[in-house]
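Please look over the sequence and the 3D structure shown below, and then read the briefing that follows.

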Amino acid sequence: MIDILVALVIAAIIVAGALFSLVAAIGLNRLPDLYTRMHAASKAGTVGSGLLLLAVGLHSGEFAIFIRALAGFVFFILTAPVSAHLLARAAHKVGYKLSAVSLQDDMNKKLS
């Protein structure tokens, strides 16, 4: 009975991770400019990949593998959004423009 419950939880985590990854992939294809695409990849992609790593660690059934998967999850959660932010900031400084549908560019405002 417990094995079925664990398998169902792992399957639910895999489906959730796959759905977040699908949303990130659709966002990369559909969003209009570099900045919104980076946002989709960093947010939804990070959650999707993290959930899939967590599911792999749980499915393994070994504590050492689970700890490695958890460490990878934490590392991915800490680094992916920060790197996407830095890449977007560098792209803005180089001169990549926002798309026409973007309402405002807060980075162009001068701080007083």
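Where does Leu31 lie in relation to helix H1 and H2? Leu31 lies in the loop between helix H1 (2–30) and H2, where helices (H or I, at least four residues) are DSSP runs numbered from the N terminus. This is a predicted model, in which local features need pLDDT of at least 70 and side-chain atom pairs count only at pLDDT 80 or more, while totals for chains, interfaces and linings use all residues. Residues are numbered from 1 along each chain as its sequence is written, and side-chain values use heavy atoms, with hydrogens and water left out.

**Helix packing**
- Helix H2 (residues 34–60) packs with H3 at an angle of about 175°, and their axes are 8 Å apart.
- H2 and H3 are therefore roughly antiparallel to each other, a term for angles over 145 degrees.
- Sorted by class, the contact of H2 with H3 has 20 nonpolar, nine polar and one charged residues.

- From C-alpha to C-alpha, Leu31 and Lys97 are 14 Å apart in space, although 66 residues apart in sequence.
- Asp105 is found in the segment after H3, and this residue counts as partly exposed because its relative accessibility is 21%.
- The C-alpha atoms of Asp105 and Ser42 are separated by 20 Å, and the two residues are 63 apart along the chain.

- Leu70 is found in helix H3 (residues 63–94), and its relative accessible area of 33% is why Leu70 is partly exposed.
- Leu70 also belongs to a nonpolar patch on the surface, formed together with Phe63, Ile67, Val74 and Leu78, with about 480 Å² of accessible area together.
- Such patches are made of residues with over 30% relative accessible area and no salt bridge, and nonpolar side chains (Val, Leu, Ile, Met, Phe, Trp, Tyr) are joined within 5 Å; a salt bridge is a side-chain nitrogen of Lys or Arg within 4 Å of a carboxyl oxygen of Asp or Glu.
- Ile77 lies in helix H3 as well, and Ile77 is partly exposed, with a relative accessible area of 35%.

How values were computed
Patch = residues over 30% accessible without salt bridge, like charges linked within 9 Å, V, L, I, M, F, W, Y side chains within 5 Å. Areas by Shrake-Rupley, 256 points an atom, 1.4 Å probe, with all protein chains shown as cover. Helix = DSSP H or I, 4+ residues; strand = E, 2+ residues; numbered from the N terminus. Buried < 20%, exposed > 50% of the residue type's maximum accessible area, 1.4 Å probe, protein only. Axes fitted to C-alpha atoms, helices over the stretch in contact; angles between N-to-C directions. Parallel < 35°, antiparallel > 145°, perpendicular 65-115°, else oblique. Nonpolar A, V, L, I, M, F, W, Y, C, P; charged D, E, K, R; others polar.
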